[in-house]
Amino acid sequence: MESPGLITIRRDVTDAPLGPVNTLWRDAFRRLLRHRLAMFGALVLLVVAVMGIFGPAITPYDPNGMDFADRFANPSLEHWMGTDDFGRDIFSRVVVGARVSLQVGFIAVSVATIVGTGLGLIAGYSTRLTDEVIMRAMDVLYAFPAILLAIAIMAALGKGIGNAMIAIGIVYIPIFARIARGAVLGIRNEEFIIAARAMGAGDIRILLTHVLPNVLSPIIVEITLSLAFAILAEAALSFFGLGTQPPDPSWGRMLSEGRAFFRQSGWMGVFPGLAIFFTVMGFNFLGDGLRDALDPKLRR
Amino acid sequence: MNYQYVAQRLLLALVVVLGITFVVFMIMQIVPGDPARVILGPYASAESVAGLRDRLGLDRPFFEQYLTWLSKAARGDFGQSLLNGQDVSAQLLGRIGPSFELAMVSLVIGLVIAFPIGIISALKPGSAIDIMATIFSQIGVSVPSFWMGILLIIIFSLNLELLPPSGYTPIGEDAGDWLAHIILPAFTAGFVSASIQTRFIRSAMLDVLNANYVQTARAKGLTERTVVMRHALRNALINIVTIIGLQITALFSGIVIVEVVFSWPGLGRLAFNAVEERDYPLLQGAVMVVAIMVTLVNLFVDLLYFLLDPRIEYA
């Protein structure tokens, strides 16, 4: 029998996992799982990811293999999406094209996220002068229509998929900078930041360990939505002949190559476009779902 | 009236325009290697490369090059096209009109679609119409505009032969023909912007419909029509105007693509051709004019916002 007044520490309680710590993210995840459109988007993206990862291994034909006896074939059991002007199987090319779209999307958005978020954190956390300089520079980049700036950057750097990633990445830097800065301004005077500073934490430590985790939700949402835009931008650049170079298939390039032959085969213009559409829609649905899940207050 | 806001907004626009000139100037500076060699190709003689370097002023110090270029650009002199030797400014002038016409018609088409859908779905949140509107706006933002343009050409030009697939007729020459040519490209760009605006208009309307003054208006016994049109919509308009302003940059981005797909003789197509031909002065001119046009439209919208809502102050 324990004497009253003596504080006893129950081992089973202290050894238990710290429940409440992760519930914010766990709740958000649960809300996301219940979001039908987001789950539909995730399912679509899963299919696209399988196409991108396994690409050439799962296609029924060699995506670059030509068959001049079978040009402009309509969709059939043999060629599910028909064939193009070189007799190449459109389905195989659409499957392999997923890899380019995802690669460009992820790398471009990574560039934008790292640089943009970094600049936004610095702008929101540092002196007014630094903030002004960074954010006015972002205003300038933001003043250019996205595709036009990407085209101009590619004109300077040269055609090719690597430069497309850089160009698209640069274009989206201001979006991440604005979001990160806004989020920092919202919390920079919160007590936990002041406490960390009082305890002697340096600026970089505060930014990385206290500020960054607290601005992650809007950034995660923006990453998902930017992936949608980056895939659209890659497709547009490849459509203009600036991104992927022949004979490698990319969805934008396939549409561009098909343009001259729409009278012979309208199908050449349909399936690559549908692939872009569903992938972009997948990211948009997932992004909206994430927004609703991470910040239920914003839900409309 | 707070004229400090207007002054600060004008100053900010000036800073942005200066920044734009710097970014545009940098286009040629970041060309890997010697821009003159890149422009003329690997087989050009050393003399002609040296001649072009001299003509473009590439041998001079960086800031001297920028200031010279800037002072000329400020006077409307963007140099000569490397391809045909014509004044870049003259070529740009001919393209501003068609681009502006396309942008405005697209904007109007976008708003005509977005307003009724946005308002109705805000009035009946969660209804079948609201869900349809959400799906519509998701489809709109996910459709690549160049693909939509292609599909419209396949359907309306190649199959139904109702509208021309490409080209342009000045409105002063033949208004009917101008309209026939502008419908498909403007609808393509307008559809995408409508899908984004629908969401914003719905959101802005939902905000005001929950406001106290709207509840009061309803409590007074006003008809729903009066409540929506006179009390809610009028106040929602302030936010909607801002959003339309923010959309202008995206709209122009869409127009660049649409111009290429429909061979519309605007600034976007000119920039695209300049990239193909490595005609950097022409590209710089086109990019700069578009960016400045967008900045000015944004400035105009911001000032309009100020007029609509005198409470706004520069933060």
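## Fold of chain B

From the N terminus on, the elements of chain B run α-α-α-α-α-α-α-α-α-α-α-α. That comes to 12 helices and 0 strands. The model is predicted.

The C-alpha atoms of chain B fill a box of roughly 85 × 55 × 35 Å along the principal axes. Chain B has 315 residues, and 39% of them count as buried. Take the contacts in chain B between residues at least 6 apart in sequence: 72% of these join residues at least 24 apart.

## Contact between chains A and B

How many residues does each chain bring to the contact? Chain A gives 36 residues and chain B gives 39 residues.

On the chain A side, four helices each supply at least two residues: H5 (128-143), H6 (146-157), H9 (203-239) and H11 (271-294). Which of the elements gives the largest share? H6(A) does, with 8 residues. By residue class, the side of chain A that touches chain B holds 26 nonpolar, 5 polar and 5 charged residues.

## Nonpolar core

The largest nonpolar core has 167 residues.

What does B:Ala286 touch, leaving out residues up to four places away in sequence? The partners are B:Leu92, B:Leu267, B:Leu270, B:Ala271 and B:Ala274.

Terms used. Residues are numbered from 1 along each chain as its sequence is written. Chains are lettered from A and ligands numbered from 1 in the order in which they are written. This is a predicted model: local features need pLDDT of at least 70, side-chain atom pairs count only at pLDDT 80 or more; totals for chains, interfaces and linings use all residues. Two residues are in contact if their C-beta atoms, placed from the backbone, lie within 7 Å. Ala, Val, Leu, Ile, Met, Phe, Trp, Tyr, Cys and Pro count as nonpolar, Asp, Glu, Lys and Arg as charged, and the others, Gly among them, as polar. A nonpolar core is a set of buried Ala, Val, Leu, Ile, Met, Phe, Trp, Tyr and Cys residues joined through C-beta atoms within 7 Å. A residue is buried if 20 or more other C-beta atoms lie within 10 Å of its own, exposed if 12 or fewer, and partly exposed in between; C-beta atoms are placed from the backbone.
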